Amino acid sequence: MPFLGQDWRSPGQSWVKTEEGWKKTTADDKNNNVSVESFCKAEEEECFNKENLLLALSYDMSAKKRKKDLMNNNAKVPYFHREKWIYVHKGSTKERHGYCTLGEAFNRLDFSSAIKDTRRFNYVVRLLELIAKSQLPSLSGVAQKNYMNILERVVQKVLDDQQNVRPIKELLQTLYISLCGLVQDMGKSVLVGNINTWVHRMENIMQWQQQLDNIQINRPTSTGMTLTDLPVSLQLNIMQRLSDGRDLVSLGQVCPELGALTEDRLLWKRLCQYHFTDRQIRKRLMVSDKGQLEWKKMYFKLSRCYPRREQYSDTLHFCSHCHILFWKDTDHPCTANNPESCTMSLSPQDFINLFNF
């Protein structure tokens with residue numbers, strides 16, 4: 001590219017744009033073929049380019065302002081990213097500035113659509129609960145707002161479907177307790193945003209809790225065979241598919257017949273062996289007066305002491321080869337010979353631990 005100014009290697013010479021192209025001229029050159037009109041034309045083009053540059057900068061600034069307004073707390077339309085996978089980089093280099101954080105991952109992944117999928121709903125709810133317990137201050141302001149928007153959608157889905165009421169009530173209770181402690185430390189910049197905004201959000205949480213408490217589950221009209229009409233062996237087989245002891249207790253409160261079946265010792269033994277290790281069970285043994293193990297009491301005691309085993313239909317996966325975080329059924333641009341051997345399933349806790357470096 002020619003030098004547009006004075007060249008220090010040839011003093012007194014400069015490049016000038018003419019109708020025939022760029023030419024090197026001197027101030028004392030009497031045989032200069034460049035006319036005054038050419039200089040005026042060059043100056044006009046330069047001014048035109050400057051005006052285009054200013055318009056482009058003005059457009060970029062207005063676009064950024066619109067995006068900022070959209071992500072602002074006063075925006076009427078919730079802001080969501082819709083990316084099926086993201087690249088997770090954990091450090092800054094000369095070629096790549098910044099690194100991926102928990103707030104960035106939560107903000108960019110498509111959790112707003114994931115809650116509509118029954119396979120991913122419980123996974124997202126568990127992730128929201130873990131973030132509410134200890135990771136909420138680590139989220140950026142946009143990610144915190146996105147968190148509340150997704151939570152609102154989760155509550156609305158439960159109110160519409162009348163399903164998964166108990167997990168959402170526990171999530172809201174956990175979040176409210178965490179916010180009560182965090183709001184007291186607002187002067188220490190624990191949470192991003194105005195304290196009045198967070199007080200308003202806490203009021204919304206209390207309103208959601210009241211709506212869930214007042215939910216009326218419509219019982220379907222009986223059109224045929226019910227659960228109690230099945231043979232006892234089939235009823236026990238169905239109960240063995242339940243992975244939460246609280247569901248067994250709720251099922252036993254329906255009628256005395258089901259209540260008697262839910263006290264089956266084999267059901268609670270399998271629950272204990274599914275969620276906890278043999279070493280954990282041996283440490284919490286409880287024996288009745290008849291010399292039998294109290295598996296039901298042991299289950300709830302173990303649940304208070306140890307985390308239960310979690311199982312999800314669909315989870316987020318992480319590729320160790322290309323460092324891509326993606327949903328299970330989403331293709332990602334992996335160049336490995338066998339991409340499946342490089343991927344690992346992430347539980348909600350593993351997802352959070354991925355960014356705690």
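Q: Which residues are linked in a network of salt bridges?
A: Side chains of opposite charge can pair when their charged atoms come close. A salt bridge here is a side-chain nitrogen of Lys or Arg within 4 Å of a carboxyl oxygen of Asp or Glu. Arg166, Glu170, Asp244, Arg246, Asp247 and Arg308 are linked in such a network. The model is predicted: local features need pLDDT of at least 70, side-chain atom pairs count only at pLDDT 80 or more, and totals for chains, interfaces and linings use all residues. Residues are numbered from 1 along each chain as its sequence is written, and side-chain values use heavy atoms, with hydrogens and water left out.

Q: Where in the chain do Arg166 and Asp244 lie?
A: Helices (H or I, at least four residues) and strands (E, at least two) are DSSP runs, numbered from the N terminus. The side chains of Arg166 and Asp244 form a salt bridge of 3.3 Å, N to O. This pair links distant parts of the chain, 78 residues apart: Arg166 is in helix H6 (residues 165-183), and Asp244 is in the loop between helix H8 (232-239) and helix H9 (245-252).

Q: With which Arg does Asp244 form a salt bridge, the closest N and O atoms being 3.0 Å apart?
A: That partner is Arg308. These two residues also link distant parts of the chain, 64 residues apart, with Arg308 in the loop between helix H13 (295-305) and strand E4 (316-319).

Q: Is Asp244 buried or exposed?
A: Buried means under 20% relative accessible area, exposed over 50%, and partly exposed in between (1.4 Å probe, protein chains only). Asp244 has a relative accessible area of 10%, so it is buried. Arg166 is partly exposed because its relative accessibility is 28%. Arg308, at 30%, also counts as partly exposed.

Q: How many salt bridges does a search of the whole structure find?
A: The search finds 16. One of the pairs is Glu129 with Arg126, at 3.4 Å, N to O. Glu129 and Arg126 are three residues apart in helix H4 (residues 118-135), so about one helical turn separates them. Glu129 is buried at 16% relative accessibility, whereas Arg126 is partly exposed at 22%.

Q: Which residues is Gln144 in contact with, leaving aside its neighbours within four places in sequence?
A: Contact means heavy atoms within 4.5 Å. With those neighbours left aside, Gln144 is in contact with Leu136, Pro137, Leu139, Leu191, Val192 and Trp198. Gln144 is part of helix H5 (residues 141-161), and its relative accessibility of 1% makes it buried.
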